[in-house]
Amino acid sequence: MKVIFISILFSLVALASDATIEVIKQSQRMPSLAVEDSTDSYDKSLNKKFFKAIVSDLKVLSIFNVSNTYVKNDFDDDVDVINMKKDIVIKYSLEDNDGSTNVNLKIIRGKKAIFQKRYKINRTSLYIFVAHSMAYDINKVFGSNDVAWMKRKVVISRLVGRGESEIVLTDYTLTYQHVVVRGGLNVFPKFLNNKQNEIVYTNLSGLRPTLFKLDTLSGKSQKLLTSDGLLICSDISDDGKEALLSMAPNGQSDIYKYNFDTKKLKRITKYKGIDVNAQFMDGNTIAFVSNRLGYPNVFQKNLDNNEVDQMVYYGKSNSACSAHNEYLVYKARESKNAFSANTFNLHLISTKSDFVRRLTASGVNDFPRFSKDGRAVLFIKNYKNQSAIGVIRLEYNKNYLFPLNIGKIQSMDW
Amino acid sequence: MNKTLLLASTLVAILILSGCGAAEPTIDDTAGDDKKTEVPTDVQTESVGSDDIVVGEETGASSDNAKTNDTSMSALENKMNPIYFDYDKFKIKTSQEDSLYSNVKMVNGDAKNFMIKIEGNCDEWGSDEYNYALGLKRANAVKSALITQNVKAGRITMVSYGESSPVCNDKTQKCWSKNRRVDFKLLP
C-alpha cells in the first residue's frame, strides 16, 4: 500500500513539473477588477491610451476578470460607485513633472489601499513600458507566477516592401516602435545580451549576406561575418559569448558555432541537405531543423559527438523551433494540403515525456520564441493580410494577439 | 573634544544620508510608508530607442561610367528569365530548362564580363530559416547548372531572400508559384 502511495506521489510530482501538460486550473471565478483614471490635467489622448494599455496588460496576466469600462475618479477618493462590487480596483494618474511624466499607481482591495507606487519616464512615447511595469507589480502583489518577460523589449524585422525591411525596437504588444536600422533588407535580429542594448542582424543588400552587430545606445555598427548564400544568427548563449549560426559558405546550409570574443567559427553539422535554426538546450545539446528525413523536422545533437537524434514525431512539416532547457516548441503543418486554411500550429514537447501539447488552434503560426524564463512563448501569426505578434501563457493555456499596423513581421527576438 | 564630536557627528550624518540614497529608490515622503517612487530599469535604459539613432544603409557614390554600366546591366538583366520551382522543392523542372539555357546563353555571351548574383526566393508559407535555406538550395541548383554549362564558379555569388522579396502578394496558388523562383542579377 505504501509502495502504491509513494508511486502515485512520485507520478504526481513528475507530472506537475512537466510544463507540456501542466496548465494551472482556472478557478470557477477569477477576481473582478476595474481600472480608474485619476489624472487631473494631462494629455487626454494619452490618458485613454494608457487606460487601454493597462487594461490589456491586466488581461494578459490571466488572473483577473478585467472590466473594459473607462471610469474617471479622484486618486484619493473612494472607488467609483460603478466599481463598488469589484474585488479589486486599480487607480492610476498621470502628471507632468518638469518635463518628465510621473505615473501613480494604487491597488485597492476591499476599500483598503494595499499597494502604492510611482513610476517616472522621460518621454511619453515610453508610456507602454510603465503599463507593463505596473502590470508586473500588480501580478507580484497577488503572488502569481513571475511575468518579467512582460517588461522586456522585443526586436522585430518588419518587411515594408519588396526586398526592404526595417529593424524595429518594440514591446510585446507592438505599441512602442522605434526603427533602429533602415534601408535595404535586414532580417533575423537577435538581442546579444540580457541588457538588450546590442543586437546582431543579417543584412542581405550587399554582394553576400553579412552579419552586423549594432549597439542600439550609441548607434555604433560593426561587421562580424560574411558568407555566400546564407548567414543567420539562430541563437545566442545565455552569457552572450557564443552564437549558433546557419551558414552556407559552400552553398550548403549547416550549423556553426561562433565565439564573439575569439571570432572563431566551428562547424557543428555536416549534412548535404538543410540544417538550420539551431537552439541551445540544457547541457551541451542543441536542437535544430533539418530535412534529413526528406521533410523538415526537429533533431538534437550533442556538441561533443556526431550523433543526431530525431526529437519530434508529430507533424508533417516541422520547420521552426525554439528551445528552453528540456522544452521545445515547434511549428508543424497538420493539414494534408499544404495550402489549406488550417495550416501551421505550434506544439510543445519535453525531452522528459512523450506528451505533445498543441498551443495554437488556427491560422499560420510561425517563429516561436521562448521567454528567458520559459514561461511564455512569443510567435508570429499571419492571417489574411494581417501580421501579428502572439503571446502564449503556457501556465494558463491562453493566447493573446497584437496586430502590426504597417508591414509584415519577418522575424523577432525578445 | 567638542570639535571632534561635531566632526564625527557630521560624518555619521553624511554617511547615513548618502547610504540611504544609494540603497533605496527615491522615497516619496508625502505618500506614506508603502508608497515608493521607482524609475523602472527598462524604461530608464530605453534611451536605446532614442529617436535620433538610426543606422542607414551605406550607398557608394556613382560615376558616369558606373551609370553606363548600370544601364547595360539592367538591360541584360531584364532579358533574363526567372526559374520557377514546385512547393518545398529545389530540383529544376523540365519545364524550366528552356528558360535556364536562354539565361546560360546570355551569361556566356553579352553578359560574359559581369559577375552573376543568383537570388533564391520562396513563397510566403513560412518566415523561418528553413525557407531561406530552401531558397538557397534553389539558387545552388541553378549555380550547379550554370557550372555544367562552362560558367566559372568564381563569377557566381548566391543569396537567399526567403519570402522577403515576393513579386506577387495575392493569396492564390498562382501567385505563390510566381514567388517560388530564382532570379538572375548582374554585377560589375
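This is a predicted model: local features need pLDDT of at least 70, side-chain atom pairs count only at pLDDT 80 or more; totals for chains, interfaces and linings use all residues.
1. Residues are numbered from 1 along each chain as its sequence is written, chains are lettered from A in the order in which they are written, and side-chain values use heavy atoms, with hydrogens and water left out.

2. At that interface, 81 residues of chain A touch 58 residues of chain B (contact: heavy atoms within 4.5 Å). The two chains share two salt bridges, meaning a side-chain nitrogen of Lys or Arg within 4 Å of a carboxyl oxygen of Asp or Glu. One of them joins A:Lys331 to B:Asp128, at 2.5 Å from N to O.

3. Chain A has three helices and 30 strands; these are DSSP runs (helices H or I, at least four residues; strands E, at least two), numbered from the N terminus.

4. For a closer look, take the open antiparallel sheet of chain A, in the order E10-E11-E12-E13. Strands E10 (186–191) and E13 (221–226) of chain A are its edges, each pairing on one side only (pairing needs at least two DSSP bridges). Inside chain A, E11 (198–203) and E12 (210–215) run antiparallel over six bridges, and A:Asn203 sits opposite A:Thr210 of E12.
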